[in-house]
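Dear colleague,

Please find the structure below, handed over for your records.

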Amino acid sequence: MPGKLKVKIVAGRHLPVMDRASDLTDAFVEVKFGNTTFKTDVYLKSLNPQWNSEWFKFEVDDEDLQDEPLQITVLDHDTYSANDAIGKVYIDIDPLLYSEAATVISGWFPIYDTIHGIRGEINVVVKVDLFNDLNRFRQSSCGVKFFCTTSIPKCYRAVIIHGFVEELVVNEDPEYQWIDRIRTPRASNEARQRLISLMSGELQRKIGLKVLEMRGNAVVGYLQCFDLEGESGLVVRAIGTACTLDKLSSPAAFLPACNSPSKEMKEIPFNEDPNPNTHSSGPSTPLKNQTYSFSPSKSYSRQSSSSDTDLSLTPKTGMGSGSAGKEGGPFKALLRQQTQSALEQREFPFFTLTAFPPGFLVHVGGVVSARSVKLLDRIHNPAFVGIMGNTRSYKLLDWNSFNSDEPETRDAWWAEIRQEIKSHAKALGCHAVVGYSESTSICEEVCILSASGTAAVLNPRFLQDGTVEGCLEQRLEENLSTRCGFCHIPYDELNMPFPAHLTYCYNCRKQKVPDVLFTTIDLPTDATVIGKGCLIQARLCRLKKKAQAEANATAISNLLPFMEYEVHTQLMNKLKLKGMNALFGLRIQITVGENMLMGLASATGVYLAALPTPGGIQIAGKTPNDGSYEQHISHMQKKINDTIAKNKELYEINPPEISEEIIGSPIPEPRQRSRLLRSQSESSDEVTELDLSHGKKDAFVLEIDDTDAMEDVHSLLTDVPPPSGFYSCNTEIMPGINNWTSEIQMFTSVRVIRLSSLNLTNQALNKNFNDLCENLLKSLYFKLRSMIPCCLCHVNFTVSLPEDELIQVTVTAVAITFDKNQALQTTKTSVEKSLQRASTDNEELLQFPLELCSDSLPSHPFPPVKAVTVEKASPVGDGNFRNRSAPPCANSTVGVVKMTPLSFIPGAKITKYLGIINMFFIRETTSLREEGGVSGFLHAFIAEVFAMVRAHVAALGGNAVVSYIMKQCVFMENPNKNQAQCLINVSGDAVVFVRESDLEVVSSQQPTTNCQSSCTEGEVTT
Amino acid sequence: MTSELDIFVGNTTLIDEDVYRLWLDGYSVTDAVALRVRSGILEQTGATAAVLQSDTMDHYRTFHMLERLLHAPPKLLHQLIFQIPPSRQALLIERYYAFDEAFVWEVLGKKLSKGTKKDLDDISTKTGITLKSCRRQFDNFKRVFKVVEEMRGSLVDNIQQHFLLSDRLARDYAAIVFFANNRFETGKKKLQYLSFGDFAFCAELMIQNGTLGAVDSQMDDMDMDLDKEFLQDMKELKVLAADKDLLDLHKSLVCTALLGKLGVFSEMEANFKNLSRGLVNVAAKLTHNKDVRDLFVDLVEKFVEPCRSDHWPLSDVRFFLNQYSASVHSLDGFRHQALWDRYMGTLRGCLLRLYHD
């Protein structure tokens, strides 16, 4: 019995009137955890009851603590009939189980009912006493921290990034159980909410166990999803990246080593000094030594000792500095070899992170994706149904031991896809996949599983134990961290996986780079970008015949390659039209419906200075003899050229003129190539690899051979840029804007359109879909016009096809204001600086060419932690220390809780992570018209979900949610019956932040330039 | 392609002041969109009509959801569903409870019951204010009335506390509640020249001097009702009009004091007895509810109109009223000096405010 959970019910307010006669309520509360229930006294005749209960104590296993939610039910006492439920509050007590997170949950929680929505609030205090040493309990994984953030959380430092963790649990969906026919919708919804809460808890615990096995202490980039498979069940699956993190903000341990003068100077060598003398450990760099002196040696010793007892997961072969050194040869090969061996031991060398510690990412290969069409089968397990029917108090069964069939099937499906991803990455000369994510689309019994990521070569230093010591003091900077390094091709030039058009890097002129780069990650912080970026979307619909089972699956898998191809072509065209050469944050979503497939790809286009200037788009007609046709073609061509020119101006893309002679290398035969390696398979294992390159053509040529192609060209030109003062991107931040001000507005917008069944042709469908997305964006720009100048960041579109003729698009994003004047200045200076930097980098490279560096490698194969990592967080720790007494939020009646899909809050420092927020809600109504129709219903529900998230964060003592995402928003309506139902799943990290203005004391000590660069590099972009 | 569902929910609730005004003014979404188009917003922002339509619908939906909370403004401050900065909350409340002068004119002094609600249609037609807006304003009056009706303490403070209104608006509401409670007749043609401000001013004076709360702030602190005892006592003032000697003496005192100071002296002298009788009788009659209701009609009829027909300038009216009320102190046979002062103190203020074209 390792834990004691203590709960106190303080008071209620704004309760609904339950007794019509008196216009009052006789409320009491049931507090339930596991199978134990306590009750408060009935507080007679009040809408604002003051229970002030005793402490209800639950003595429970920590395993239960992790799995079970605390369930608080508010009821109206009725002497003669059954007590009426007012509503419930589910509290996830997981945040109380980590030592550094919240210590108490205390605050007002909205009382939620799945039929009536929020009905008043209840004030609750929750505490947990853990008795025993956590590490002794193998079934629980208390203490493993979870983060939704897909980068190393601020105020932590990554000691080791272990790698991929995944888990899934399967269960019968209560909505489809026999008992559902006799129970009320409320009971059914609550059973579902509770079940999913239990399954999430269990999933998180199991993932935690895997992390402990890997000797990690945290999961970063944790993404948990639900697959509502209907009759065949409910799957909860999660992926994440196991890490060992060190907290940096603990002032006691931190203060002596990090006093501000040293910090100030630290920034100079790393950010300003163009030529850091990194190889000497002499007197010129004493500060660096100092920097590292406080990187907790404790953690290293722990690793090295742990490696002795480590499980097979920690790779050892090829790691020794000696063995690697014997290989000699160019650095790249060595590095690959090492990393490879480090990663090959892992089943899947995948990372869900999208932003990385500096130096982590060595090369990026390109996007890899895999899709698979599967048929869902009903789960046959009568015993389980019986148990699940008992909704009063069931303990979730471990399905793995109970049913040998089901999760294994799902596991096998995913394993298959991951294997494919891995092999694609290998084909690109990469041994790791970063920015990895998985998704599903389900329609009836057909399910499309998708996975995608970015093939990459990683710096092995972060990936393993015990090898970091020794090199710490001596080698601090690596040439790998040059700003263009990640653009260089990881694959062998002579043995390319696909035809590609390579040039020498426009930055260092030493290495080959591709002409276009597609990735699923965020723009690396040290990348040099020219101008600003923009949101680029490819949208596509394809009609499909209605079919059953196998035939349906076959039809879908036949369509998929064409969709992928077209989506890719659209992206490429639009990118060129914008005059840009790289895509970041690429996310391709394929959604399956009864009679159509939808594809939506979103990404942020940028102009990478290291990559060549993109060529234009050439239009070619098929019938060159026709004069008027020719004229038309040339007219189109002119329009396209004008658009490109306009876009270049709009996004301030003015690459420095570099004549070819300087580059000094003949550009290889120009060919359009594609970096998207994909495959899809239907239940069988057949893998079709699609060559998306366009063969040997002088430029990117669009052939207009039929009306379809004409349409495509038109649609290219119809995308309107955002109104002036607005920018948009789907990455964390907008490349080229650095001066964010503190105003943020997170929002969710949902649109559903009904297609008229008459005009269902592919073209009409495409147009409808395109208009839907464009209009949605236009509406957003209009609504947020008061925030100009501002940028929509992390724009996340989700498409679903709830019914035959319905298309639903859900968008979540955050609008952030920026200071236009200052922003312009900084961009200018940063461009100048980066150009300067680029040139100095060249010189530097001449002095220490990459090949030369490898000579010194054998003795120190792994570059140590770069100081930037530490620096980045140090002001945070400092700030935290200094501002400890400052209250985190302004005193108003209800504390403001910010929500953002980003991992940071502009103009503020995150000082503490309080734990993960993962909530699932169902709302149902049988009086749709009375609630304002579908729009009124969903509007109110989303507002309620926001409110519940904010309340939970506030109760944890936080004032913001970062990395917030709405993972699911499943909306079903039946207007004829006046009914609707919606399921929403959201998650994020609860944090405490402190305004930077409160930290001014700290920053004012730094020279302004330094402050600037530390803001942009450390705070904003990570 | 038809839009089935179209929503936008921000973590901070977006409030568009212009749309809020249109909503408060009771325009339908279609009308509001048309009005916004006319305002030139499309040209300014480059938006399309469809965008405007969707935006307007969204705001209307938000306002509709907020309306329930606006009915009890403290709830708006404590609720968790809509995150709204405090300054915006104040704006929402203040604008929601604001009313149209033309509307309040029609309802002032009427019983705030359901019966009157039927008249809202007529008021709407008459004033050109949309029925929806009329209904909102009427319901606001009624709601405030209901809440503060039985409460003790300062009327203005009670309203401010329960509806979080600005001082100015709370005072106006106090006047409306006071008028509704005492059912003062304000609809007569004779009173058409008065503004709501005139009535509100009088109401405030009367609340200060003429109610229970005015005399004893410790006990029975009710600002709503006129002090019955005070009204009863005022019967005693009758003697000023009934006793011929007293009346003559009063007249001579006033005339002596004002001789040469008043431009309209002769008219005053000729009319003194009528005016004085009128004012005293108003006071003496206030025991009957019917006469209380007619207070303003009586004051205008008995004092304002006679003076106005003789073209008294306002300064003369002030001189006269001051002297008229002060001279009573020199009347030896009159014992109710305190009562007289309390009455005239209020009345003088009211009359001066009511005296205009």
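Predicted model: local features only at pLDDT ≥ 70, side-chain atom pairs only at ≥ 80, totals over all residues.

Residues are numbered from 1 along each chain as its sequence is written, chains are lettered from A and ligands numbered from 1 in the order in which they are written, and side-chain values use heavy atoms, with hydrogens and water left out.

Chain B has 36 residues in contact with 49 residues of chain A (contact: heavy atoms within 4.5 Å). About 3900 Å² is buried between chain B and chain A, and carbon and sulfur atoms give 60% of that area (buried area: the accessible area, 1.4 Å probe, that two parts lose on being put together, summed over both).

Five salt bridges are found across the interface of chain B and chain A (a side-chain nitrogen of Lys or Arg within 4 Å of a carboxyl oxygen of Asp or Glu). R754(A) and E4(B) meet through their side chains in a salt bridge, at 3.1 Å from N to O.

Within chain B, V144(B) lies in helix α9, residues 131-149 (helices are DSSP runs of H or I, at least four residues, numbered from the N terminus). V144(B) counts as buried because its relative accessibility is 0% (buried: under 20% relative accessible area, 1.4 Å probe, protein chains only). Leaving aside neighbours within four places in sequence, V144(B) is in contact with Y97(B), I159(B), F163(B), Y173(B) and V177(B).

With kind regards

Conventions: Helix = DSSP H or I, 4+ residues; strand = E, 2+ residues; numbered from the N terminus. Buried < 20%, exposed > 50% of the residue type's maximum accessible area, 1.4 Å probe, protein only.
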